[in-house]
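Subject: Structure for you to look at

Hello,

Here is the structure I said I would pass on. Please open it alongside this message; my notes follow below.

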Amino acid sequence: MIKIDYTDVMADRIGERDGILREELLSFRYFTVETHSLIQREKDNSFYFAKLPYQDITDILETAKQIRENFDYFIVIGIGGSSLGNIMLHEALNDFNYNENHFPKFYVLDNVDPEKFGAVIDRIDIKRSCFNVITKSGSTVETIANFLIILDILKEELGEKYKEHLIITTDPEKGFLRKFANENNIKSFSIPENVGGRFSVLSSVGLLSAAVCGIDIEQILEGARKMDLICSVEEHIEHNPAYLIAILHYLANIRRGKSISVMMPYSERLSSFVDWYKQLWAESLGKEGFGQTPIKAIGAIDQHSQIQLFREGPRDKIVTFIQVEKFKRDFKIPTDIPEDLNYLAGHSLSEILNKELLGTKVALTKSKVPNLTIVLDEINPYNIGMLIYLYEMATAFSGYLYKINPFDQPAVEEGKNFTYALMGRKGYEQKLEEFKSIYKE
Ligand code: PA5
């Protein structure tokens, strides 16, 4: 279960200079009702991500079973929305030592950092490896570059059998990889047309690797369905957690100058969840001069790093804590310890971690830094499914608040296009000229 406490974002707690007035929040009542019905209608189009929790996952489960039976290594090749969700699910829901203790071992080739590429290749046995190439566009340069090198190695080692070691996840019709999969009869999954990279974790993009690694993906989807239900029936701002998060952040940003959104889980398992959120929030909302810069902080580590700035630096931040009530494992401090340290005797590590969260929260509130807390009773597939859907809906709804399209990424495309031009791709000659006119050596 998930609870949200937003008391310390409100003006009656931290003052009107930094906090949101209840009247301000409620003034979005009619906007929310109107937008709510637009969203329900858009679920067959731009909000199609909201339908993913209801998809049929038989093929994903069957394919995952075959991979588990036949391979020792499962490697995702993809970047951005085609890898961050996979990493997030794996880190949140599997043991820290997963790769030491389980098969198939899981790796991600996202960047084109040659040393990282080499390190992954060194760790795997190519003959026992299955590669899932994920790219919606089918043309992202990092993914295609990594794929082409792997393809070459696979062909050299396995000849025509290379096909059995590949799974392609891409657009249903368009792009080089769709053509490649069809022509070579390679197992493939389709990313629904209306679902962009950063909203795709609950499709085969994120679910296949999760299922291969033994994660209960049905529970993830059940959690997402539950959150969809909450967000579908409750159009009242304070009862709809997605709209609430969106409006609070919007008001904090536009009316109180909080241009930075910090997410600070007190659980290292959620570290990659923040990376996923960073992409979702930044790439969806950073447009036309709008958007909040998402920042990652990890409790309690960043108490010894960024908290100084959060409390006494520029008053430009809103902080979201994520608290986990019950951890899978815990350790107690012995009672027979030096008297000076007695305040710790018999306490558990999880107890200290959660007290540190409370201490930091109150310290921020005292400094008038707006902060909300999302409480998970534990980290499990169901709660992670809820959390994913919650942030996807909050982000997409925010598009209406800022009056921007949350589903495109024109500024990202521009960088990709200059890269194609620099690499000499056909059709990008004009882009190269433009590059030369801007870049001065
Ligand atoms: O959210 C997005 O659309 C992007 O971040 C993409 O996921 C990223 O650029 C990778 O694109 P593709 O899946 O087409 O390789």
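Helix α3 and helix α16 are oblique to each other, because the angle at which they pack is about 120° and an angle has to be over 145 degrees to count as roughly antiparallel. Helix α3 covers residues 29–42 and helix α16 covers residues 381–402, and their axes are 11 Å apart. The crossing of α3 past α16 is right-handed. Please bear in mind that this is a predicted model, and that the values in this message are computed from it.

I looked at two other helix pairs in the same way. Two packed helices are described by the angle between their axes and the distance between the axes.

Helix α4 (residues 58–70) packs against helix α10 (residues 204–212) with 8 Å between the axes and an angle of about 40°. That angle makes α4 oblique to α10. Here too the handedness can be given: α4 passes α10 in a right-handed crossing.

The remaining pair is helix α5 (residues 84–93) with helix α13 (residues 271–285), where the axes are 8 Å apart and the angle is about 155°. This makes α5 roughly antiparallel to α13. The crossing of α5 past α13 is left-handed.

Next, the ligand. How many residues surround the ligand, and which are the closest? There are 14 of them, and the closest are Ser-82, Thr-135, Ser-137, Thr-140 and Gln-279. By type, the shell divides into nine polar residues, four charged and one nonpolar.

- Ser-82: an N or O atom of the side chain is 2.7 Å from a ligand oxygen.
- Glu-283: a polar side-chain atom lies 2.8 Å from a ligand oxygen.
- Gly-197: here a backbone N or O atom is involved, at 3.4 Å from a ligand oxygen.

Taken alone, the ligand exposes 380 Å², and the protein buries 93% of that area.

Last, some points about the backbone. Most residues other than glycine have a negative phi, and most peptide bonds are trans.

What kind of peptide bond joins Phe-103 and Pro-104? The bond is cis, with omega at about -10°. Pro-104 sits in the loop between α6 (98–101) and β3 (105–109).

A cis peptide bond also runs from Gly-299 to Ala-300, with omega near 0°. Ala-300 is in the loop that lies between β8 (293–296) and α14 (307–312).

Glu-288 is not a glycine, yet its phi is positive, at about 55°. Glu-288 belongs to the loop between α13 and β8.

If you go through the model yourself, I would take the helix pairs, then the ligand, then the loops, as above.

Regards

Notes: Residues are numbered from 1 along each chain as its sequence is written. This is a predicted model: local features need pLDDT of at least 70, side-chain atom pairs count only at pLDDT 80 or more; totals for chains, interfaces and linings use all residues. Side-chain values use heavy atoms; hydrogens and water are left out. A residue is near a molecule or strand if one of its heavy atoms lies within 4 Å of it. A polar contact is a pair of N or O atoms within 3.5 Å; within protein, one must be able to donate a hydrogen and the other to accept it, and residues adjacent in sequence count only if both atoms are side-chain atoms. Accessible areas come from the Shrake-Rupley method with a 1.4 Å probe; for residues, only the protein chains shown count as cover. Ala, Val, Leu, Ile, Met, Phe, Trp, Tyr, Cys and Pro count as nonpolar, Asp, Glu, Lys and Arg as charged, and the others, Gly among them, as polar. Axes are lines fitted to C-alpha atoms, for helices over the stretch in contact, and angles run from 0 to 180 degrees between N-to-C directions. Helices (H or I, at least four residues) and strands (E, at least two) are DSSP runs, numbered from the N terminus. Angles under 35 degrees count as roughly parallel, over 145 as roughly antiparallel, 65 to 115 as roughly perpendicular and the rest as oblique. A crossing is left-handed if the near helix is turned anticlockwise from the far one by less than a right angle, and right-handed if clockwise.
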